[in-house]
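Open the model in your viewer and keep the selection tool at hand. This tour tells you what to select next and what is there.

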Amino acid sequence: MNCKVRFAPSPTGFMHVGNARIAIINYLFCKKNSGKFLFRIDDTDALRSKKEYEDAIKEDLNWLGISYDETFRQSERLNRYHEVMNELINNGVLYKCYESQEELEYKRKLAISKGKPPIYDRASLNLTQNQIAEFEEEGRPVYWRFKLPNKTISWNDLILGEISYDLKNISDPVIIKADGTFLYTFSSVVDDFDSGITHIIRGQDHVTNTAAQIAMFEEISKHSYHIDFAHLSLLVNKDGSQFSKRLGSTNLEDMRKQGVEPMAIIDLLATLGSSLDTIPFTKITDLIDYFDITKFSTNSPKFDIENIYKLNRKILHMKDYEEVKNFGISKEAFELVRENIESTHDFALWKNVLDQKYQPSYKADTSEEKEILKFFNNKVSGLSDLNEENLKNILDEIKTNLKVSGKALYFPIRKSLTDIEHGPNLSNLVIFLGKDEVLRRLKSAIM
């Protein structure tokens with residue numbers, strides 16, 4: 001398949017799971033079809049676009065392992081947009097409009113009150129030369145609309161199936177604002193055409209835009225260009241309410257700071273909303289063959305950030321030592337605590353706790369805890385060999401002699417050795433630390 005896709009975020013904020021999902025699905029579709037991936041920065045909104053957001057988006061893509069073959073900013077292509085604009089004016093499909101926002105809002109409300117759809121009435125096309133001269137003398141701001149043809153636009157959506165729009169039911173889209181800013185509807189079409197994009201994969205909120213944009217594609221390309229579309233259903237919160245980017249830490253920068261592995265995000269977002277099972281792949285290359293865009297549903301998938309944390313734990317537990325050694329933990333230590341790693345921060349935590357220089361801060365604060373620790377200390381000090389059987393026998397003796405079991409038994413021992421209430425098998429932990437280190441730590445807790 002001849003395939004070229006694009007991911008085109010606006011640098012007006014940090015990347016969250018909603019647009020990360022679009023990037024991931026575009027990337028996987030591209031790689032599965034041996035295509036090319038374009039990263040386009042839609043920064044025509046000069047007031048809201050910021051370099052810090054652009055840099056953050058690039059960093060997030062790099063962290064996710066999403067590489068791109070080409071990149072450019074829309075702000076670098078303003079001359080090209082003006083060139084196409086002039087062509088469309090000469091072709092009679094762009095026209096000036098003079099209504100204020102208040103006038104447009106009044107027309108919208110009036111149409112609704114009459115039970116009619118709030119579609120722009122093309123009043124500006126009927127202005128006389130005298131009216132135009134008066135408006136321009138008044139200094140009325142001018143904006144431009146694209147005149148949609150009188151036809152039905154149809155396409156076979158890769159997710160939604162056959163879609164049709166009668167363009168008479170859609171307002172002529174504004175493509176240039178009164179301040180001269182080119183709007184997404186127009187600049188995106190020019191870029192997609194010039195870049196040779198073959199597949200546009202985006203959210204369902206763009207479906208109506210698509211009908212108008214296909215009409216623009218046909219006008220600009222003289223009916224010689226075809227693009228396939230796939231519109232993904234939009235995420236909702238786990239309770240079914242409208243998805244909120246402010247609900248929890250849904251931007252990638254926050255998740256990275258929380259120690260989330262990028263593959264936990266990729267595995268979930270690549271399958272969320274599809275009939276594919278979410279499998280904890282540890283490498284994006286392993287996910288490419290599994291991915292299938294035809295498996296996506298038209299239903300809105302529920303996003304629960306806890307599912308990312310669950311995947312994160314599974315992925316970290318599956319990793320080979322070679323994949324985690326850069327965190328500075330030894331192979332032996334990793335094998336000991338593997339099942340207790342929940343985020344990448346835990347590598348530093350356990351590396352520190354298991355170091356022979358670590359000094360636990362825990363102090364036994366009840367007579368019962370001190371009695372347990374003293375009993376355990378005396379028994380361990382008398383062992384010539386630390387092994388699983390000997391340690392089991394010691395713990396059984398404590399249960400019998402001190403009438404204690406469960407958390408009441410294990411809590412003070414674990415805390416005295418690691419300052420942490422949970423962790424690896426206690427016998428394995430003791431054996432790993434060694435007799436002298438265990439006794440040193442116990443002594444500190446009993447004092």
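Two strands pair if DSSP finds at least two bridges between them. Helices (H or I, at least four residues) and strands (E, at least two) are themselves DSSP runs, numbered from the N terminus. Before you start: this is a predicted model, where local features need pLDDT of at least 70, side-chain atom pairs count only at pLDDT 80 or more, and totals for chains, interfaces and linings use all residues. Residues are numbered from 1 along each chain as its sequence is written, and side-chain values use heavy atoms, with hydrogens and water left out.

**Stop 1: a strand pair**

Select residues 199-203, which are strand 9. Find Ile201; opposite it in strand 10 stands Ala230. Buried means under 20% relative accessible area, exposed over 50%, and partly exposed in between (1.4 Å probe, protein chains only).

Now trace the chain from strand 9 through helix 7 (residues 207-221) to strand 10. This β-α-β crossover is right-handed. That is, with the strands pointing away from you, the path from the first strand over the helix to the second runs clockwise.

**Stop 2: the cores**

Which residues have the most contacts inside the largest nonpolar core? Select Phe7, Ile265, Ile293 and Phe303. This core has 50 residues. Helix 1 (residues 17-32) gives the most to it, with 10 residues. A nonpolar core is a set of buried Ala, Val, Leu, Ile, Met, Phe, Trp, Tyr and Cys residues joined through side-chain atoms within 4.5 Å. A second, separate core of 41 residues includes Phe375, Leu383, Ile420 and Leu433.

Zoom in on Ile293. Leaving out residues up to four places away in sequence, Ile293 touches Ile25, Phe29, Ile159, Ile201 and Ala230. Contact means heavy atoms within 4.5 Å.

**Stop 3: Val430**

Go to helix 18 (residues 426-433) and pick Val430. Val430 is buried, with a relative accessible area of 1%. Beyond four places in sequence, Val430 touches Phe376, Leu386, Leu391, Leu417 and Val438. Then select Arg414: 16 residues from Val430 in sequence, 9.5 Å away in space, C-alpha to C-alpha.

**Stop 4: Ser49**

Finish in the loop between strand 2 (36-41) and helix 2 (51-64), where Ser49 lies. Is Ser49 buried or exposed? Ser49 is buried, because its relative accessible area is 18%. Its side chain reaches the backbone oxygen of Asp45 at 2.8 Å.

Note on methods
Polar contact = N/O pair within 3.5 Å; in protein donor to acceptor, adjacent residues only side chain to side chain.
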